[in-house]
Amino acid sequence: MSAAAVLVSALPPRRRSWTLVVGLVLTLAVVAVALLSLVWLPFDPSDTGGTRLETPSATHWLGTDRLGRDLATQLMIGARIALAVGLGSVAVGALAGITVGLVAAFAASWLDDTISAALDVVIAFPVLLLAMLIVAAQGASLGSVILAIGLAMSAVVARLTRVLTKRVLGEQFVTAARASGTRWPGIVVRHILPNIWPTLSVNLALQFGVAVLAEASLSYLGLGAPPPNASWGRLLQEAQGTVVTAPVGAIAPGVALVVLVIGVNFVADGLRDVADPSRRVPSRRTPTRRASR
């Protein structure tokens, strides 16, 4: 049984979403390729012994690039880079965003208004533009890309955390916990985070897709992870000059990027269906009522 089937079977029957199933299959396929690249690759990443722009064959499954490197090998390494950037950026964005959002929700009104205004200003700028500014200031590297994208998306997470936290703070169980003498750290851990996490997890899944696209865009512009990191965005940039003579070099990383982003978005949409009962499609089978005599 596959990992996706195990995860789906763990859900109650009424909460299974086919969107979630498709998203898990697509996402786990990319994860499997990335994990496989850690232990096995068709060729050495720096091997340029192949014929330049070779068409797909039994030796080179997807052909070679303009330097004679195996394209399948570069694509597998690119899956590893995409997942690392996505997970790292989401971790940075979640840590910074949840912290700022909780501080704003518990702060005095003047500080809350100041933080909210600052978040609105940051959100007004596109994630890619903010990431470009941070990477340009720190220099292009895998670590700087993860930090830049994570900080750029943290404002959205912070604003959502603030709104959800204020909603939970108005509930009676929080008032009862405060009356019983529970301190604020205990309220956050026991009551706030467990109640806001389902909605936050859906948003973070969407932010993962945004991070993958932002990394590919930065790499395409030459601001991503430098060589020998084979980012999908850099593969697209290198293949743009030979897209007519060797289209596989541009199609393969583009398809891989689309598969991962669509898979993650489907997972986020499926998680939203699971968390929100009002979004579930009612069953077509309706109980028949017996005619009253």
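Helices here are DSSP runs of H or I with at least four residues, numbered from the N terminus, and that numbering is what places Leu 53 in the loop between H2 and H3. Keep in mind throughout that this is a predicted model.

**View 1. Leu 53, a loop residue with a positive phi.** Phi of Leu 53 sits near 55°, a positive value in a residue other than glycine. For context, most residues other than glycine have a negative phi. The residue belongs to the loop between H2 and H3. Its relative accessible area is 26%, so Leu 53 counts as partly exposed, given that buried means under 20% and exposed means over 50%.

**View 2. The whole protein chain, for orientation.** Zoom out for a moment: the protein chain has 10 helices and zero strands. Read from the N terminus on, the elements go α-α-α-α-α-α-α-α-α-α. Of the 293 residues in the protein chain, 40% are buried. Take the contacts with a separation of 6 or more, and 68% of them come from residues 24 or more positions apart. The protein chain exposes about 16,000 Å², with 65% of that supplied by carbon and sulfur atoms.

**View 3. Trp 40 and Trp 61, a tilted aromatic pair.** The count of aromatic pairs comes to two. In the pair shown here, the rings of Trp 40 and Trp 61 are 6.0 Å apart centre to centre, with 35° between the planes, and the pair is tilted. Trp 40 and Trp 61 are both in the loop between helix H2 (18-39) and helix H3 (71-106), and the pair links parts of the chain 21 residues apart. How accessible is Trp 40? Its relative accessible area is 39%, which makes Trp 40 partly exposed. Trp 61 is partly exposed too, at 47%.

**View 4. Phe 106 and Trp 184, an edge-to-face pair.** Why does the pair of Phe 106 and Trp 184 count as edge-to-face? The ring centres of Phe 106 and Trp 184 are 4.9 Å apart and the planes meet at 70°, so the pair gets that label; the cut-off is over 60 degrees. Phe 106 is in helix H3 and Trp 184 in helix H8 (residues 184-220), so the pair ties together parts 78 residues apart in sequence. Phe 106 has 28% relative accessibility and counts as partly exposed. Trp 184 is partly exposed as well, with a relative accessible area of 38%.

View 5. Asp 70 is found in the loop between H2 and H3. Leaving aside residues up to four places away in sequence, Asp 70 touches Pro 42, Phe 43, Asp 47, Thr 59, His 60, Trp 61, Gly 63 and Thr 64. One of these, Trp 61, is also a partner in the tilted pair with Trp 40.

View 6. Gly 143 lies in helix H6, which covers residues 142-169. Its relative accessibility is 48%, so Gly 143 counts as partly exposed.

Note on methods. Residues numbered from 1 in each chain as written. Predicted model: local features only at pLDDT ≥ 70, side-chain atom pairs only at ≥ 80, totals over all residues. Heavy atoms only, no water. Phe/Tyr/Trp six-rings, centres within 6.5 Å; stacked < 30°, edge-to-face > 60°. Helix = DSSP H or I, 4+ residues; strand = E, 2+ residues; numbered from the N terminus. Buried < 20%, exposed > 50% of the residue type's maximum accessible area, 1.4 Å probe, protein only. Contact = heavy atoms within 4.5 Å. Areas by Shrake-Rupley, 256 points an atom, 1.4 Å probe, with all protein chains shown as cover.
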